[in-house]
Structure formats: C-alpha cells, structure tokens
Amino acid sequence: MKKNIVLIGMPGAGKSTVGVLLAKSLGMDFCDTDILIQKQTGTTLQETINSKGLDEFLKIENSVLAGIKLENTVIATGGSAVYGRQAMENLCKNSIVIHLKMPVETIKSRLHNITTRGIALKKGDTIESLFAERNPLYLKYSEITVESGNLDIESTVTKIIESLYGF
C-alpha cells in the first residue's frame with residue numbers, strides 16, 4: 001500500500017473539502033499544497049500570480065510539491081499541480097493519486113471568484129479551455145477517477161474509500 005492519497009482535479013472540484021473529511025475518515029493527516037505555497041511565498045496565490053507572473057507561480061508550485069516528503073497524509077493539490085513534472089513524479093512515487101472529476105458546467109457554477117482565487121489562468125483562458133487543457137493531465141497522473149459531479153461531499157468520500165478498499 002502506498003503511503004499517501006493525493007487528490008487532483010479542477011479548481012472547484014472539492015479537493016480540499018473532500019480531503020479533510022477523507023483524512024478524518026481514514027485516520028490520516030491532511031495537507032493542502034496551496035497553503036504550503038502561501039507559507040513559502042508569504043503571500044496569497046493570487047498575489048504571487050499578480051506580482052511574479054503565471055510562469056513563476058508554476059515554477060514555485062512545482063518546486064514546493066517536488067519537495068514534499070509526507071507519510072500517511074491526504075494531500076489536496078492545486079488544480080495546476082499537474083503542470084509540474086517533478087511535482088507529480090514526487091507525489092506519484094508513494095501515493096495513490098485520485099482525480100476528482102466533475103463536469104465543466106458544475107465547475108463553472110462553483111467558481112465565482114476566478115480572478116481572485118489564485119487559479120493559474122493564462123490571459124484569455126476560460127474555465128472550458130482550462131478544463132480541456134488539464135483533463136488529459138489529470139487522467140495521465142491518476143490511478144483512480146471518482147466522478148463527483150452529482151455527489152455531495154460525504155458521498156464523494158464514501159466513493160473514494162470504496163474505490164481504495166473495495167467496500
């Protein structure tokens with residue numbers, strides 16, 4: 001059994017919320033990589049993107065995630081984590097990676113603060129274009145995909161546990 005569970009997926013898919021409850025349910029620790037990045041930079045994600053630019057933000061994210069050394073932890077990543085090859089190689093080596101998949105319409109209905117939330121968007125990107133660009137990466141890195149679009153948080157946690165342990 002691998003030591004960690006990593007949640008990947010689009011912004012608004014519920015990785016952090018689901019991750020906390022999943023960690024509680026399984027008796028594991030919890031880590032939100034967005035918080036780690038904010039601690040390292042001393043600013044919010046959006047402030048980092050605004051002041052340093054998207055490319056630099058992605059380099060910082062890749063570096064922080066490539067250096068994570070945790071055990072028995074549910075790790076909720078930012079939606080852009082899959083852009084970092086070293087980050088994902090590090091996370092995949094001793095973790096089960098789970099993609100929380102949600103229809104783009106559901107993502108759009110959940111994201112009301114797209115310009116202030118710290119979402120890694122290039123100029124001119126939309127949620128649809130981001131979804132199209134990232135979805136193949138989520139599928140590439142995940143071992144398990146949980147379709148969570150029509151599930152509440154508790155049901156999503158239950159579905160993840162069933163996927164992991166077969167009950």
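Predicted model: local features only at pLDDT ≥ 70, side-chain atom pairs only at ≥ 80, totals over all residues.
View 1. H4 runs over residues 54–66. With 13 residues at 1.5 Å a residue, a span of 18 Å is what you'd expect, and the end C-alpha atoms do sit 18 Å apart, so the two agree. The buried residues here are Leu54, Phe57, Ile60, Glu61, Asn62, Val64 and Leu65. Their cover includes helix H2 (33–41), helix H3 (45–52) and helix H5 (85–93).

**View 2. Aspartate 55, on the same helix H4.** Is this residue buried or exposed? Aspartate 55 comes out exposed, because its relative accessible area is 59%, and the cut-off for that label is over 50%. For a sense of scale, its C-alpha atom is 19 Å from that of alanine 132, which lies 77 residues away along the chain.

**View 3. Inside the largest nonpolar core.** This core counts 48 residues, and Ile5, Leu7, Ile8, Leu22, Leu65, Ile98 and Ile160 touch the most other members. Zoom in on isoleucine 8: setting aside neighbours within four places in sequence, its contacts include Val82, Met88, Val97, Ile98, Leu100, Tyr138 and Tyr141. Also among them are Lys15, Thr77, His99 and Ser142.

**View 4. Where helices H1 and H8 cross.** The axes of H1 (residues 15–26) and H8 (residues 153–165) come within 9 Å and cross at roughly 55°, so the pair counts as oblique. The crossing is right-handed. On the H1 side, the contact is made by Thr17, Val18, Leu21, Leu22, Ser25 and Leu26. H8 answers with Ile153, Glu154, Thr156, Val157, Ile160, Ile161, Leu164 and Tyr165.

How values were computed:
Residues numbered from 1 in each chain as written. Heavy atoms only, no water. Helix = DSSP H or I, 4+ residues; strand = E, 2+ residues; numbered from the N terminus. Expected span 1.5 Å × (residues − 1). Buried < 20%, exposed > 50% of the residue type's maximum accessible area, 1.4 Å probe, protein only. Contact = heavy atoms within 4.5 Å. Core = buried A, V, L, I, M, F, W, Y, C linked by side-chain atoms within 4.5 Å. Axes fitted to C-alpha atoms, helices over the stretch in contact; angles between N-to-C directions. Parallel < 35°, antiparallel > 145°, perpendicular 65-115°, else oblique. Left-handed = near helix turned anticlockwise from the far one by under 90°.
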